[in-house]
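Please keep the sequence and the model in view while reading.

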Amino acid sequence: MDYTSQIEAAPKIKSWPKVTIAAGRRHTVGLKSDGTVTAIGDNKYGQCDVSGWRDIVMVAAGNVHMATNTGNAHTVGLTSDGTVEAVGWNKHNQCEVEDWRDIVAVAAGWRRTVGLKSDGTVVAVGRNNEGQCNVSDWRDIVAVAAGDWHTVGLTSNGTVTIVGNNRYGQCNVSGWRDIVAAAAGYLHTVGLKSDGTVEAVGWNEYGQCNVSDWRDIVAIAVGSYHTIGLKSDGTVEAVGWNEYGQCNVSNWRDIVAIAAGCAHSLGLTSDGRMVAVGDNKYGQCDVSGWRGIQLPGNYKRR
């Protein structure tokens with residue numbers, strides 16, 4: 001793999017490579033090379049009803065922390081023309097994105113959807129009890145992430161802005177610099193730096209923020225209570241809650257993209273196959289037969 005040029009240039013880039021795999025609380029989503037989407041797992045609210053989607057370039061899956069015993073989740077897809085598709089649970093209007101235009105990236109949190117526009121501004125719909133949708137004044141944003149109760153924006157100069165719940169300090173990122181990617185969990189936030197090291201703030205009861213010794217990281221993903229990092233050699237690190245084996249990734253090889261749901265972890269290999277570990281009660285880890293999943297835009301074969 002060769003991510004080096006992307007990492008070095010990241011604070012100056014105007015867009016971030018598209019996400020092609022996503023994990024929700026009880027479902028998994030994959031973007032195929034032909035622009036169609038496949039999904040598996042709990043479908044109580046229609047969150048896996050993506051078979052009719054076409055020309056998709058990025059996917060996102062709404063998550064919900066383990067303490068919530070409901071299957072409420074939704075799935076979001078960004079189309080090549082900058083419009084957005086959404087299916088699933090819609091109690092808080094988190095799927096009301098049909099009028100969005102000029103979108104270049106999407107993120108899905110608990111009960112909300114976030115969209116990054118081509119001009120660096122951000123739109124959000126859904127639950128806003130903690131102010132997590134108050135993004136209308138954001139500018140110069142190049143990437144977005146959504147946790148359960150907070151929303152994260154990465155600026156073009158490598159700093160991070162956050163709105164929403166800050167009970168455990170998960171929004172305390174004002175001192176972060178040289179950040180090239182950000183991810184948000186239930187009550188913690190993780191940032192990848194241009195030198196391949198990782199920052200983390202927030203709730204750390206399960207050690208999900210214990211990433212200070214990580215090196216050579218090129219991508220990050222965050223579940224409710226765990227954090228995973230993709231290394232430049234295609235292996236994966238994981239810390240945090242491991243009750244379902246969601247951190248058992250030490251034997252993964254040749255990984256080019258990662259994603260984390262509430263209690264499961266996903267990896268995409270360089271030949272478009274998927275690996276998964278963790279909670280599989282609804283079949284959300286049954287992805288071994290998937291083929292032709294699109295590789296991330298920042299991956300280059302040697």
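**From surface to sheet**

The chain has an accessible surface of about 11600 Å², and 40% of this surface belongs to carbon and sulfur atoms; the areas come from the Shrake-Rupley method with a 1.4 Å probe. This is a predicted model, in which local features need pLDDT of at least 70 and side-chain atom pairs count only at pLDDT 80 or more, while totals for chains, interfaces and linings use all residues. Residues are numbered from 1 along each chain as its sequence is written, and side-chain values use heavy atoms, with hydrogens and water left out.

The C-alpha trace spans about 45 × 40 × 35 Å along its principal axes. Of the 302 residues in the chain, 61% are buried, meaning under 20% relative accessible area (1.4 Å probe, protein chains only). Among contacts (heavy atoms within 4.5 Å) with a separation of 6 or more, 47% are between residues 24 or more positions apart.

The chain contains one helix and 21 strands, taken as DSSP runs (helices H or I, at least four residues; strands E, at least two) and numbered from the N terminus. Three of the strands form an open sheet in the order β16-β17-β18, with antiparallel pairing; two strands pair if DSSP finds at least two bridges between them. Because β16 (217-222) and β18 (236-240) each have a single partner strand, they stand at the edges, and one side of each is left without a neighbour in the sheet.

Strand β17 (residues 226-231) pairs with β18 in the antiparallel sense over five bridges. Within this pairing, Thr227 stands opposite Val239 in β18.

Definitions and conventions. Buried < 20%, exposed > 50% of the residue type's maximum accessible area, 1.4 Å probe, protein only.
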